[in-house]
Amino acid sequence: MIGSGLKKLALEYDLIVESGVAHGWLKGCYAAFSEGMGYKQLSIYIGCHHAPEDAPPPQEGALPDHMQAADQVADLILEKVGEYQRYRLMPSGKGIPGVVLAQGGSVVQVNFFDNPGTLPCIRNFIEEVLPAVAPLTAPYECEFCGKENDSTFLPVLLTGHAVVPMHSHCAENLLSSLGQAKKHIRPSFPILPVLGALLGALLGAVAWAIVGIMGYMASLVGLLIAFLISKGYALLGGKPGKLKIAALIICVILAVVIGNVACEIYGLHAFYQEEIQNLGPMEKAIPEDEFLRATIPLLWEDSEVRGEVIKDVAMGLLFAMLGCLEILRREFRQVESNQKIKLLNGRW
């Protein structure tokens with residue numbers, strides 16, 4: 001999805017907004033806007049630059065034409081950028097470079113640091129840098145076959161939010177080939193990653209119980225639980241996706257419930273120890289395990305006690321979900337960035 005700022009920019013430059021991107025012609029380039037966690041992205045289609053069939057083979061070590069063009073565009077952008085503050089490209093050390101070659105060099109992605117005041121910087125980039133970049137692009141070459149437009153070009157959304165042109169029949173061939181490829185992949189349930197997530201949930205439950213025994217309830221512990229679950233899922237080979245989000249939500253709930261149950265049991269344990277201290281020398285206490293087995297069902301039958309326990313669990317879930325909200329948002333964005341290839345409605 002793109003926010004209201006990019007939607008206003010799209011309206012200003014007569015771009016089409018659909019499927020989480022804004023795409024269209026910008027100063028002679030075909031480009032698409034999208035955004036992620038902490039950055040806004042401009043994808044510029046450079047062109048496929050397929051060599052003619054009778055062209056001599058490239059010299060050993062030489063880059064293909066489209067890679068050379070992409071390198072030239074990237075160099076030109078970095079040369080034009082000058083002062084960081086004017087365009088606010090992502091600075092080094094932020095995890096995402098300011099300029100990235102994507103789709104094998106067919107696309108150059110420009111990443112802007114997303115904070116208040118970024119949109120005017122993007123507008124400056126459009127007005128000042130894109131006109132210089134446009135002569136190096138070849139937006140009328142089909143990304144699939146490399147041939148020029150025959151009036152059937154369609155914009156196609158690829159993974160990574162890049163929008164490229166394809167002939168209608170090329171797009172259909174691509175989607176068909178992907179469908180056939182999926183049929184040959186046997187679906188498998190990732191047992192180990194789920195076990196890793198459950199292990200992370202157990203560790204998180206211990207942390208939740210310790211904090212609860214101390215008399216606190218903190219959303220920060222929810223963040224810790226989500227981190228442990230996510231890390232356990234990833235360490236055992238789990239990949240980003242809808243399954244990871246489902247595992248994260250379910251395991252957070254499990255961790256909070258187990259943690260709260262542990263707190264209640266510890267409270268009964270403390271009560272049992274206190275009662276032992278109050279027994280006279282001639283009195284004999286029943287074993288603690290028998291005490292717990294007898295007391296827990298009786299307490300659960302009490303509607304007032306049961307209501308308090310349920311309220312504590314609900315409050316715990318609220319705090320935990322608030323704490324892990326950022327991790328969940330990041331996972332949803334990751335799923336969105338891995339979207340399927342899709343034909344867009346706009347015409348080329």
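This is a predicted model: local features need pLDDT of at least 70, side-chain atom pairs count only at pLDDT 80 or more; totals for chains, interfaces and linings use all residues.
Is Tyr 87 buried or exposed? At 4% relative accessibility, Tyr 87 counts as buried, because the cut-off for buried is under 20% relative accessible area.

**Aromatic pairs**

A pair of aromatic rings is described by the distance of the centres and the angle of the planes. Searching the whole structure gives four aromatic pairs. Phe 125 is buried, and its relative accessible area is 0%.

Phe 125 also pairs with Phe 112: the ring centres are 5.3 Å apart and the planes stand at 85 degrees, so this pair is edge-to-face. Here too the pair joins distant parts of the chain, with Phe 112 in strand E6 (residues 107-113) and Phe 125 in helix H4, 13 residues apart. Phe 112 and Phe 125 are both buried.

| Pair | Centre to centre | Angle between planes |
|---|---|---|
| Phe 112 and Phe 125 | 5.3 Å | 85 degrees |

Elsewhere, one aromatic cluster is formed by Trp 25, Tyr 30 and Tyr 140.

**Cysteines**

Zero disulfides turn up in a search of the whole structure. For Cys 142, the nearest cysteine sulfur is that of Cys 145, 3.8 Å away, and Cys 142 is in no disulfide. The reason is the cut-off: a disulfide needs two cysteine sulfur atoms within 2.5 Å. Cys 142 is buried, at a relative accessible area of 0%. Cys 251 is buried as well, at 4%.

**The largest pocket**

How many residues line the largest pocket? There are 15, and those nearest the centre are Glu 264, Leu 268, Ile 296, Trp 300 and Val 309. The space in this pocket is about 310 Å³.

Three helices, H9 (242-278), H10 (288-301) and H11 (303-323), each give at least two residues to the lining. H9 provides the largest share, with nine residues. By residue type, the lining of the largest pocket has twelve nonpolar residues, two polar and one charged.

How values were computed
Residues are numbered from 1 along each chain as its sequence is written. Side-chain values use heavy atoms; hydrogens and water are left out. On a 1 Å grid over the protein atoms alone, a cavity is a set of points where a 1.4 Å probe fits but cannot get out, and a pocket is an open set with protein on both sides within 12 Å along at least five of seven lines; lining residues have an atom within 4 Å of a point. Grid points are joined across faces, edges and corners, and a volume is the space filled by probe spheres set on the points. Helices (H or I, at least four residues) and strands (E, at least two) are DSSP runs, numbered from the N terminus. Ala, Val, Leu, Ile, Met, Phe, Trp, Tyr, Cys and Pro count as nonpolar, Asp, Glu, Lys and Arg as charged, and the others, Gly among them, as polar. Buried means under 20% relative accessible area, exposed over 50%, partly exposed in between (1.4 Å probe, protein chains only). Rings of Phe, Tyr and Trp (its six-membered ring) pair if their centres lie within 6.5 Å; planes under 30 degrees apart count as stacked, over 60 as edge-to-face and the rest as tilted.
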